[in-house]
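User: I would like to go through this structure with you. Could we start with the terms and then turn to the details?

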Amino acid sequence: MNFNFINLQPYTNPQYFVYLMIGLVPIIIGLYHGHRLKIYEVAFSLVFLFLIFDGDKWQQGVNLIIYLLFQLLVSYWYLHYRQNGKNKTWVFYLAVVLAILPLVLVKFQIAFPKAPIPGVLAFLGISYITFKTVQVIMEIRDGAIKELDLSTYLRFLLFFPTFSSGPIDRYRRFAKECNVAPKRDQYLADLEIATRNLFQGFLYKFVLGWFFGTYWLPKISKAALIAGAANGGLKFSWWLVAYMYCYSMYLFFDFAGYSLFAVSISNFMGIHTPVNFNKPFISQNIKEFWNRWHMTLSFWFRDYIYMRFTFFAMKKKLFKNPIRLSQAAYLLLFLTMGFWHGLTWYYIVYGLFHAIAIIINDCWLRYKKKHKEQIPSNKFTKWLAIFVTFNIVCFSFLIFSGFLSELWFGWK
Amino acid sequence: MNIEKEVLDILQDLTGEDLSERMDEDIFANGLMDSMASVQMLLNLQEKFAIDVPVSEFDRNEWNTPSKIVSKVENSKNE
């Protein structure tokens, strides 16, 4: 047996929560008595981060540290520049490009593993730290962030509960909470919600997610590959339809479960990390879906790409027609999202698919507004809308899953 | 200049509806406004009142009813 190292990936098994809860006890007692034990909190976060990068993952850990120093350098350089009253646009673009550069290199590295880029190594959490640093640079540009307290900023970037996959918090929101203890009534209410979220997370990730993802999906996958090979042509079969629904359920329960854990553990620490899912499958259209699915990601893209791009383009009068502008902005948003998922055809097609879906959705909403009287609206149409949206979304997840690539080309 | 009336005019241009009787309605929840309309509103407010509201300061929860928008404008004009 090898006792040399322990490596623990966040929230992967029930035992992990035992360790987490033990670590949380002093924080909970402190907050209950109105004290925030900042140093202990940092130590707690660092220990669990250390466990992610311990053992054979130590090189990732080293890369994380180098990456962090680089991000701090970019953020503070740009902050310093703005504090001197200067505000050139090209300097802002340079800061954003520098902040996303490591992530772009990592994405290339993942897509083309045969052509290694020296010094570049993917590590857990890089995407989500990048969302945070880019956000901070954009808000420094707007003058919304004027000061960046180093310890608060580091705690924000390395906040353990949301480190690996979000939800993506906002710096100004986090900074307001992380240096004070919540009021006792508030904290008790938080604990109640946190406990419920924790158990809902167990149900989602370890029961439902497991059934869909680990128990059923491999069986359905095998059947779909065999049926596809037998049918030939586009290799469609009913098993593929089953795969689509099963994968969609797996994706939701697994990720919503993880997000519930992250929000719950944040709440135990007196931090109101924003929620990521709000009953996405009751959405009546794609636009509503993106306000309910992976919300902190879609709101990030909305605020830092879509709104900024439309604001800029409208101010510079780049588009005559605001409808065309919004369509271009949707394409920009969802293609960026697609590329962010990875440089593979099915992620990019997934982005394109959602861009087209939301553009069609907007056309329909405009048409509906104009013809309010002629178009019926009742219980039936509502359920029809939910049904249609659900199926469009599940189809997009089939693209996203990469299974079509496996079915058609034999690789994923 | 009547701020409330000007704001309502801008909103009417964007939503096609007179909101003077619905000052506390959530105009995002009912689908009247979206991100695109928000950006147009911010630019129109900037033009009309010479106030500078960057996108970073636009938090939907603070701008989601006509009354809230009016008080936002009043506050930024007093700054």
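Analyst: Helices (H or I, at least four residues) and strands (E, at least two) are DSSP runs, numbered from the N terminus. This is a predicted model, in which local features need pLDDT of at least 70 and side-chain atom pairs count only at pLDDT 80 or more, while totals for chains, interfaces and linings use all residues. Residues are numbered from 1 along each chain as its sequence is written, chains are lettered from A in the order in which they are written, and side-chain values use heavy atoms, with hydrogens and water left out.

User: Which helices of chain A each supply at least two residues of the lining of the second largest pocket?

Analyst: They are H4 (89-111), H5 (126-142), H11 (295-315) and H12 (322-341). The largest share, ten residues, comes from H4(A). A pocket is an open set of points on a 1 Å grid over the protein atoms alone, where a 1.4 Å probe fits, with protein on both sides within 12 Å along at least five of seven lines; lining residues have an atom within 4 Å of a point.

User: How much space lies in that second largest pocket, and which residues are the closest to its centre?

Analyst: The space is about 1300 Å³, taken as that filled by probe spheres set on the points, which are joined across faces, edges and corners. Of the 37 lining residues, Phe92(A), Tyr93(A), Met138(A), Tyr304(A) and Arg308(A) are the closest to the centre. By class, the lining has 24 nonpolar, six polar and seven charged residues.

User: Now the interface. How many residues of chain B are in contact with chain A?

Analyst: There are 19, in contact with 20 residues of chain A, where contact means heavy atoms within 4.5 Å. The area buried between the chains is about 1700 Å², with 62% from carbon and sulfur atoms; this is the accessible area (1.4 Å probe) lost on putting the two parts together, summed over both. In chain B, Met36(B), Val55(B) and Ser56(B) lose the most area to chain A, together 35% of what that side buries.

User: How many salt bridges does the rule find across the interface?

Analyst: The rule finds three, requiring a side-chain nitrogen of Lys or Arg within 4 Å of a carboxyl oxygen of Asp or Glu. One of them joins Lys372(A) and Glu17(B), with the closest N and O atoms 3.3 Å apart. On the chain B side, helix H2 (residues 35-49) gives the largest share of the residues touching chain A, namely eight.

Note on methods:
Nonpolar A, V, L, I, M, F, W, Y, C, P; charged D, E, K, R; others polar.
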